[in-house]
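Please examine the model shown below.

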Amino acid sequence: MFPSFNLFGKVVPMYGTMAVIGAFFAVCLSMKLAKKTANQSEDILYMLIYAGIGCLIGAKLLYIITSSDFHWNSGASFINNIKYWIIIQASGGFVFYGGLIGAFLGAVRYTTKYKLPTFSMLETAVPAVPLFHAFGRIGCFFAGCCYGRETDSSFYITFSHSQFAPNNINLVPVQLIESGMNLILSIILVMVFLLYKNRKNGFIS
């Protein structure tokens, strides 16, 4: 496990780092695919910026909804709970499904605002979604979150200093498995995008 690293005296979380790297490659892939269509790379970039903002908002909102009971101390005062809550929300905590919904809404907001072909542009960006997710799941592995169940097989990972996963227990490395499957899915979607020219809008999605 490698949850963070020091950069110029600052502690940088690996989850966020991997998410940023994944976003960079996802944008590059989408803009590359845009050159194979009538869509402008610049429009794809701006759409992805809107999608990125929606992703952050959606991922954080769903995290707040799903973790309110865990982070709220009924024995503490309301003011202390609010202070602690603000610290928790500012320091991390995201849910992928909320991010996916938020990204979709952000992308649609951009295309409808500027009267662009929504479905065609979404098709161009969709192959990059599992690519981004692949990097995100590596971030989960480094952080020790989203861990697998206990296993007695020879294929396992053991955490020793995780704040999330149970330590010193053999666990299925589900984060790495999902990362690999997402990468394969992204490759398949790119191949379909490039080779299947007569597809209808929505086919790749």
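**Helix α6 and its setting**

In this predicted model, helix α6 spans residues 128–143 and has 16 residues. From its first C-alpha to its last, α6 reaches 23 Å, close to the 22 Å expected at 1.5 Å a residue. Just after α6, Gly-144 takes a positive phi of about 90°.

Because 12 of its 16 residues are buried, α6 is largely enclosed by the rest of the structure. Among the buried residues of α6 are Ala-128, Pro-130, Leu-131, His-133 and Arg-137; Phe-135, Gly-136, Gly-139, Cys-140 and Phe-141 are buried as well. The cover over these buried residues includes the helices α1 (14–34), α4 (96–113), α5 (118–125) and α7 (174–195), together with the strand β3 (157–158).

Two packed helices are described by the angle between their axes and the distance between the axes. For α1 and α6, the angle is about 165° and the axes lie 8 Å apart. An angle over 145 degrees counts as roughly antiparallel, and α1 is therefore roughly antiparallel to α6. The crossing in which α1 passes α6 is right-handed.

Which residues meet where α1 and α6 are in contact? On the α1 side they include Met-14, Met-18, Gly-22, Phe-25 and Leu-29, while on the α6 side they include Ala-128, Leu-131, Phe-132, Phe-135 and Phe-142. The residues of this contact of α1 with α6 divide into 16 nonpolar and 4 polar, with no charged residue.

Terms used:
Residues numbered from 1 in each chain as written. Predicted model: local features only at pLDDT ≥ 70, side-chain atom pairs only at ≥ 80, totals over all residues. Heavy atoms only, no water. Helix = DSSP H or I, 4+ residues; strand = E, 2+ residues; numbered from the N terminus. Expected span 1.5 Å × (residues − 1). Buried < 20%, exposed > 50% of the residue type's maximum accessible area, 1.4 Å probe, protein only. Contact = heavy atoms within 4.5 Å. Axes fitted to C-alpha atoms, helices over the stretch in contact; angles between N-to-C directions. Parallel < 35°, antiparallel > 145°, perpendicular 65-115°, else oblique. Left-handed = near helix turned anticlockwise from the far one by under 90°. Nonpolar A, V, L, I, M, F, W, Y, C, P; charged D, E, K, R; others polar.
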